[in-house]
Amino acid sequence: MTAPDLIVAEPAHDPAPAASRTLRRPSTPELSAGQKKALRLARTLVWPAIVVAILVTQIPFLVTIYYSFQNWNLMRPGLRGFAGFDNYVTVFTGGAFMQSLSATVVITGSSIVLSVLFGLGIALLLNRKFFGQGLARTLVITPFLMMPAAAALIFKWSMLDANVGMVNWGLSVLGVDPVQWNTDFPALTVIMVLTWQYTPFMMLILLAGLQSQSKETLEAASVDGAGPVRSFLHMTLPHLRQYIELAVLLGGIMLLQVFDPIAIMTRGTGGTKTLSYLLYERAFVGLEIGEAAAYGVITVLLTIIVASVALRLLFKISSSEGAKS
């Protein structure tokens, strides 16, 4: 008599690996009736703000688009009529647009670069512990809180005036003749004002980036023999890259709209006629409402493009910081 054959049953094959079974995401819990009611209430409360924002921003923009297709000069109100794309053709073929765009890029770009460099230096100083640190931070951000017109007037008369300006007084102590800043170096004077006013904004963003850097990593690098310069170049600066990009893009959005320093200090002379000042000049000096509206539409479109890139970068930084935490 033979022993019965032993039959060993093989376990059923599971196509899903064990790791995937353990890492399955839990299903989203259903909201209760109270939670759904609270969510509907929150959305309802947001709608008035959305409606007001649409009325305040989009309707004037649509009216501007309508005016950009009109042949309308305030000196000849009776000859107003539909112009088609003539105003846009005038904008791109007249020559003033490209010169104004070039001035905008030069003034905006120079102001942003200098503001970032000075802001980074001040942020590195304020990131250290010292007596009166809170007071120093408050004083440093004061220029950004000042009205642009007031800042332009201070620089025009108190700082850069050829007779009573503090800058020329300092140059006279060194034996240098007074300089007519507003007429001899108009673009430089505007860049100086914008750099002085927007450096605190850049400093705040970069200071937030410095404070978010891990102190343990810097201490470990110091223990391994990395000096302050090497730690800054190879660790701090790469960490600040996204913050620098954000500061540049947000600063660019604001500086594209700068008008007060140019109108008060140079009146668009010497290569300082930016897009915003050119729009003002065509509307309130040349009285060409249709052409000025076309300039306005193009300026808004350029600002939207820059703002879209800035917001995308902002969301990218927010998501990456959330993943790290």
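Colleague: What share of the 325 residues counts as buried?

Modeller: Of the 325 residues in the chain, 31% are buried. Keep in mind that this is a predicted model.

Colleague: Noted. How many helices and strands are there in the chain?

Modeller: The chain has 16 helices and two strands.

Colleague: And what about the accessible surface, how much of it belongs to carbon and sulfur atoms?

Modeller: Carbon and sulfur atoms hold 68% of it.

Colleague: Take contacts between residues at least 6 apart in sequence. What percentage join residues at least 24 apart?

Modeller: That comes to 68% of those contacts.

Colleague: On to charges. How many salt bridges does the count come to?

Modeller: Three salt bridges. One of them joins E245 and R241, with the closest N and O atoms 2.9 Å apart.

Colleague: Where do E245 and R241 lie?

Modeller: Both are in helix α13, residues 241-255. They sit four residues apart, about one turn of the helix.

Colleague: Which residue does E281 form a salt bridge with?

Modeller: K273, and the closest N and O atoms are 2.9 Å apart. K273 is partly exposed at 27% relative accessibility.

Colleague: What about E291, which residue is its salt-bridge partner?

Modeller: E291 pairs with R282. The closest N and O atoms there are 3.3 Å apart.

Colleague: Is E291 buried or exposed?

Modeller: E291 is buried, because its relative accessibility is 11% and the cut-off for buried is under 20%. R282 is partly exposed at 24%.

Colleague: Changing topic. Which ring does the charged end of R80 sit over?

Modeller: The ring of W72. The charged end of R80 is 4.1 Å from the centre of that ring.

Colleague: How many aromatic pairs does the count come to?

Modeller: There are 15 aromatic pairs. Among them is F69 with F85, an edge-to-face pair with 5.2 Å centre to centre and 85° between the planes.

Colleague: Where in the chain do F69 and F85 sit?

Modeller: F69 is in the loop between α2 (33-68) and β1 (70-71). F85 is in the loop between β2 (81-82) and α3 (86-93). The pair links distant parts of the chain, 16 residues apart. F85 is exposed, with a relative accessible area of 56%.

Colleague: Give me another pair. What are the distance and angle for F144 and Y198?

Modeller: F144 and Y198 are 5.9 Å centre to centre, with 70° between the planes. That pair is edge-to-face too. F144 lies in helix α6 (residues 142-145) and Y198 in helix α10 (residues 186-211), so the pair ties together parts 54 residues apart in sequence.

Colleague: Which of those rings are buried?

Modeller: Y198 is buried at 11% relative accessibility. F144 is partly exposed at 28%.

Colleague: Which residues form one aromatic cluster?

Modeller: F259, Y277, Y280 and F284.

Colleague: Now T272. Where is it found?

Modeller: T272 is in the loop between α14 (260-266) and α15 (275-285). T272 is buried, because its relative accessibility is 0%.

Colleague: What is T272 in contact with, leaving aside neighbours within four places in sequence?

Modeller: A103, I107, P186, A187, V190, I262 and T266. A polar atom of the T272 side chain also lies 2.7 Å from the backbone oxygen of T269.

Colleague: Last one, F118. Which helix is F118 found in?

Modeller: Helix α4, residues 96-126. F118 is partly exposed, with a relative accessible area of 48%.

Colleague: Which residues does F118 contact, leaving aside neighbours within four places in sequence?

Modeller: T195 and T199.

Colleague: And how far apart are F118 and M203 in space?

Modeller: They are 7.8 Å apart, C-alpha to C-alpha. In sequence, F118 and M203 are 85 residues apart.

Methods:
Residues numbered from 1 in each chain as written. Predicted model: local features only at pLDDT ≥ 70, side-chain atom pairs only at ≥ 80, totals over all residues. Heavy atoms only, no water. Buried < 20%, exposed > 50% of the residue type's maximum accessible area, 1.4 Å probe, protein only. Contact = heavy atoms within 4.5 Å. Areas by Shrake-Rupley, 256 points an atom, 1.4 Å probe, with all protein chains shown as cover. Salt bridge = Lys/Arg side-chain N within 4 Å of Asp/Glu carboxyl O. Polar contact = N/O pair within 3.5 Å; in protein donor to acceptor, adjacent residues only side chain to side chain. Phe/Tyr/Trp six-rings, centres within 6.5 Å; stacked < 30°, edge-to-face > 60°. Lys NZ or Arg CZ within 6 Å of the ring centre and 35° of its normal.
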